Amino acid sequence: MMRRGLDRRYARWALILFTALFIFAVVVQILTAGFGIFGATSLDLHGDLGFTVTHGLSILVFLAALVAWIGRSDLALAFLIGALTTIQVILPSIDNGWIAGFHPLNAVVLFLLALLLLWRVASDSGLRRPA
């Protein structure tokens, strides 16, 4: 029984790490989009990083949340991050301009949801200092 608790504790730490890395990846994605729009010759770096790193991290966030055995609302938040990141990867390829235009808005939503998840999981783990 103690081993299961230890596994969940490690999974919670992994969840915190993966969520923090996901937040960092979203910031890097914003930068690479800016580079692609204002200076680089293409958005290939932005697309490649988004599909591999950011999308992969969103899946790791959800898997770590499953193993960490966090509350239902936090688990739903982790699932939503994974689902919206999957949609994020698909949005630019949609030909209809107004639907593809949700790509930057969805990125902001993903950033905020990941911040919320990180704050909630970190506070449950006793990592935040009391006010």
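Read along the sequence, the pattern of this predicted model is α-α-α-α-α. The chain has 5 helices and 0 strands. Its C-alpha trace spans about 55 × 25 × 25 Å along the principal axes.

Of its 131 residues, 33% count as buried, the cut-off being under 20% relative accessible area. Among contacts with a separation of 6 or more, 69% are between residues 24 or more positions apart.

The largest pocket holds about 480 Å³ of space. Its lining consists of 20 residues, and those closest to the pocket centre are Gln29, His46, Gln88, Pro92 and His103. By residue class, the lining divides into 12 nonpolar and 8 polar residues, with no charged ones.

Which helices each supply at least two residues of the lining of the largest pocket? The table lists them with their residue ranges.

| Helix | Residue range | Residues supplied to the lining |
|---|---|---|
| H1 | residues 2–38 | at least two residues |
| H2 | residues 44–68 | at least two residues |
| H3 | residues 72–90 | at least two residues |
| H5 | residues 102–124 | at least two residues |

Gln29 falls in the range of helix H1, His46 in that of helix H2, Gln88 in that of helix H3 and His103 in that of helix H5.

How values were computed: Residues numbered from 1 in each chain as written. Predicted model: local features only at pLDDT ≥ 70, side-chain atom pairs only at ≥ 80, totals over all residues. Heavy atoms only, no water. 1 Å grid on protein atoms, 1.4 Å probe; cavity = no way out; pocket = protein on both sides within 12 Å on 5 of 7 lines; lining within 4 Å. Points joined across faces, edges and corners; volume = space filled by probe spheres on them. Helix = DSSP H or I, 4+ residues; strand = E, 2+ residues; numbered from the N terminus. Nonpolar A, V, L, I, M, F, W, Y, C, P; charged D, E, K, R; others polar. Buried < 20%, exposed > 50% of the residue type's maximum accessible area, 1.4 Å probe, protein only. Contact = heavy atoms within 4.5 Å.
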